[in-house]
Structure formats: C-alpha cells, structure tokens
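Subject: Structure for your review

Dear colleague,

Please find the structure below, together with its sequence. A summary of the findings follows it.

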Amino acid sequence: RREARELFRGASSAVGGGGNDPGMEQLMRERNAIDNSMKSANSVLNQAASVRSELRTQGASLRGVTGTMAAIAGNIPGLNGLIDKIRKKRQQDDKVVTGVVAACILFTLWYLFG
C-alpha cells in the first residue's frame, strides 16, 4: 500500500515537475517490465489458441479423408487386397527394424559392460 501511494504521489509529482526519486523510477521500470511480460504472455496464449483451432480443423479434415478412402476401398474389389498386402509388408518391415535396433542396443550394452 505504501508503495502504491508513493507510486501515485510520484506520478503526480512527475506530471508537475519530474521527480528524481530513484526508488520510484525502479518501481516504474518494474511495472513496465511486468506489463511487457503480460503482453508477451497474452500474445503467446492467443497464438497457441489459434494453432489449437487449426489443428482441430485439420484433424476433422483428415478424419473425413479416411472415411472417404474407406468408402472407395470398399467399392473397388481388388483394392482391399492390395491395402492388406501393403499393411502386412509394413508390419514385416517394422519387425525387422525393431530387431535391428534391439540388436544394436544389446551389442552396445555388451560392449560397455562386458
């Protein structure tokens, strides 16, 4: 409360004749720094809200595309078989990569502690 009174008193004296109180100048600098920080935080929060909205819109679009692709795949008889073969090949590749990574980790552990 005392600082607030001094701040207001300093503001009125600054308007009247430019007070030279260093404490008051420090308080004013701190107040300006806090105001700038609040403006920056609000800007970042607004940007995050905008990004969130855009991501939700993109998610809805992608869900719509997935449904459309499923409908197209259902209409073309050979496409389901092709998609299944691609999926199985990808799973097989994932298993190979997993095995290689596991072997590398085990070799590294054996080398470090063996």
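Helices (H or I, at least four residues) and strands (E, at least two) are taken here as DSSP runs, numbered from the N terminus. The model is predicted, so local features are reported only at pLDDT of at least 70 and side-chain atom pairs only at pLDDT 80 or more, while totals for chains, interfaces and linings use all residues. Residues are numbered from 1 along each chain as its sequence is written, and side-chain values use heavy atoms, with hydrogens and water left out.

Overall architecture and confidence

The protein has three helices and zero strands, in the order α-α-α along the sequence. Its mean pLDDT (the predictor's confidence in each residue, from 0 to 100) is 85, and 89% of the residues reach 70 or more.

Helix H2 covers residues 22–75, which makes 54 residues. The expected span of a helix is 1.5 Å times one less than its number of residues. For H2 this gives 80 Å, and the C-alpha atoms at its ends are 80 Å apart, so the two values agree.

Exposure

Buried residues (under 20% relative accessible area; exposed means over 50%, and partly exposed lies in between, with a 1.4 Å probe and protein chains only) make up 4% of the 114 residues. In H2, the buried residues are Met24, Gly59 and Ala73. The protein exposes about 10,100 Å², by the Shrake-Rupley method with a 1.4 Å probe, where for residues only the protein chains shown count as cover, and carbon and sulfur atoms supply 62% of this area.

The whole structure contains two salt bridges, each defined as a side-chain nitrogen of Lys or Arg within 4 Å of a carboxyl oxygen of Asp or Glu. In one of them, Asp84 pairs with Arg87, with the closest N and O atoms 3.0 Å apart. Both residues lie in helix H3, three residues apart, about one turn of the helix. Asp84 is partly exposed at 37% relative accessibility, as is Arg87 at 44%.

Asp93 forms a salt bridge with Lys89, and here the closest N and O atoms are 3.7 Å apart. These two residues are four places apart in helix H3, again about one turn. Asp93 is partly exposed at 35% relative accessible area, and Lys89 is partly exposed at 47%.

Aromatic residues in helix H3

Phe107 belongs to helix H3 (residues 77–113). Two aromatic pairs were found in the whole structure; rings of Phe, Tyr and Trp (its six-membered ring) pair if their centres lie within 6.5 Å, and planes under 30 degrees apart count as stacked, over 60 as edge-to-face and the rest as tilted. The rings of Phe107 and Trp110 have centres 5.8 Å apart and planes at 40°, so this pair is tilted. The rings of Phe107 and Tyr111 have centres 6.4 Å apart and planes at 25°, so that pair is stacked. Trp110 is exposed, at 60% relative accessible area, and Tyr111 is exposed at 61%.

A nonpolar surface patch of about 1,200 Å² includes Phe107, Trp110 and Tyr111. Patches are made of residues with over 30% relative accessible area and no salt bridge, with like charges joined within 9 Å and nonpolar side chains (Val, Leu, Ile, Met, Phe, Trp, Tyr) within 5 Å.

With kind regards
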